[in-house]
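Visitor: Hi, I have a structure open and would like to talk it through. Could you take a look with me?
Guide: Happy to, please show me.

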Amino acid sequence: MLIGAHVSTAGGLVEAHRRGVERGCEAIQIWGQSPRQWRPGRWRPDDIAAFRDRMADGPIKSVVIHAIYLINCASTDRDIRRKSAGSLVHALRTGEAIGADGVVVHPGSAKGEPNDEALPRVAELLKHALDESDRCPLLLENTAGAGDTIGRSFEELAQLIKLCGRRKRVRVCLDSCHLLASGFDIRTADKLAAVVDRLLELVGDRRVSCLHLNDSQTALGSNRDRHAPPGDGELGPRGCAAFLSEPRFEDLPVVFEGPGVEGKAPAKADVDRMKQLRRNGLRARRRRARK
Ligand SMILES: [Zn+2]
Ligand SMILES: [Zn+2]
C-alpha cells in the first residue's frame with residue numbers, strides 16, 4: 001500500500017512533490033487546475049519534466065489528479081456539459097503528461113431526475129473524454145450520496161462501467177468517508193471485507209485503483225460529506241485500521257484529503273497516523289488469523 005495525502009500545487013508540480021516528501025508520502029493527489037475555476041491551468045514543460053524526474057527516483061511512487069468539483073457529467077445544461085467535457089479532457093491529458101495513475105472524478109448529480117435516466121448521459125461524456133485522451137485512467141469515485149449525486153451505490157458504478165463499454169481505463173476510486181456516509185458499515189475488518197466482496201463482485205477484480213482514506217464527522221448513512229482526520233471520526237481508529245489493512249487493497253495508493261489534525265491541509269502528522277493505523281490493522285489481522 002502506498003500511503004499519502006492530497007497536496008497543494010501552489011508554486012508548481014515540483015513544489016507539490018516537495019510537500020509530499022516533507023509529509024512522508026508514498027502517494028500524492030493534486031488538483032489538475034484551480035478547483036473553483038473552469039479556466040484550465042497549465043504547468044510549464046520544465047516543471048513537468050523536473051516533476052517526472054523526481055517521481056522516477058524519489059519516495060513517492062504514485063500521483064493521481066482530482067478533477068474539479070464544478071464538473072457535472074449528468075447535467076442537461078449544454079454549457080455545463082461543454083465545460084465539464086473540456087475540463088475532464090484537460091485533466092486526462094495533464095495526467096498523461098505528468099505520468100499520473102489516474103484522474104479521480106465524481107460522476108455527477110442528476111438534479112431531481114431518476115439516476116438510471118441520467119447514467120447514459122454521464123457515460124456519454126466520460127466516453128468522449130476517454131476518446132479525446134490516450135492513456136490516463138479515469139477513476140469514478142463513490143459519493144457520500146447527498147442530494148441526487150450519482151455513484152453512491154456499487155450498482156451505479158458498475159452500470160457506468162458497463163455503459164462505458166467496460167474499457168480498461170475506467171476504474172474506481174473508493175472513499176472510506178463516502179462509503180460510511182452512504183450507508184456502508186465498514187467500521188470493522190469483517191464488515192469491510194463483506195462490503196469489498198460485494199464491490200468486487202459488481203465492478204470486477206481489477207477496477208479499484210485508488211483509495212481515499214478519510215474519516216467521517218457524520219454518522220453511518222448520514223449522506224453528508226464531512227471529512228475528519230484518520231481515527232477522529234465515526235470510522236474511528238478501528239475502522240481506519242481495517243481500511244488500511246484490507247488485503248485486497250494491498251497494492252493501491254491511498255490518500256487522505258483533509259482537513260487534517262493541524263488545520264485545513266493534510267500534514268505529516270496525518271500521514272504518520274495513517275502509517276500507524278495500518279500497522280495496527282495488520283497486527284489485528286495477524287491476531288485474527290492465529291485464532
Ligand atoms: Zn474523496
Ligand atoms: Zn469527500
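Visitor: Which elements do the buried residues of α8 pack against?
Guide: They pack against β8 (170-175), α6, α7, β9 (208-212), β10 (215-216) and α9 (268-290). Contact here means heavy atoms within 4.5 Å, and buried means under 20% relative accessible area, with exposed over 50% and partly exposed in between (1.4 Å probe, protein chains only). Helices (H or I, at least four residues) and strands (E, at least two) are DSSP runs, numbered from the N terminus.

Before we go on: this is a predicted model, where local features need pLDDT of at least 70 and side-chain atom pairs count only at pLDDT 80 or more, while totals for chains, interfaces and linings use all residues. Residues are numbered from 1 along each chain as its sequence is written, chains are lettered from A and ligands numbered from 1 in the order in which they are written, and side-chain values use heavy atoms, leaving out hydrogens and water.

Visitor: How many residues of α8 are buried, and which ones?
Guide: Six of the eight residues in α8 (236-243) are buried. They are Gly236, Gly239, Cys240, Ala241, Ala242 and Phe243.

Visitor: New topic: how many aromatic pairs are there?
Guide: Three. Rings of Phe, Tyr and Trp (its six-membered ring) pair if their centres lie within 6.5 Å; planes under 30 degrees apart are stacked, over 60 edge-to-face, and the rest tilted. One of the pairs is Trp31 with Tyr69, edge-to-face at 5.3 Å between centres and 85 degrees between planes. Trp31 sits in strand β2 (residues 27-31) and Tyr69 in the loop between β3 (62-66) and α3 (78-98), 38 residues apart.

Visitor: Why does Phe154 count as buried?
Guide: Because its relative accessibility is 1%. Phe184 is buried too, at 18%.

Visitor: What share of the contacts between residues at least 6 apart in sequence join residues at least 24 apart?
Guide: That share is 76%.
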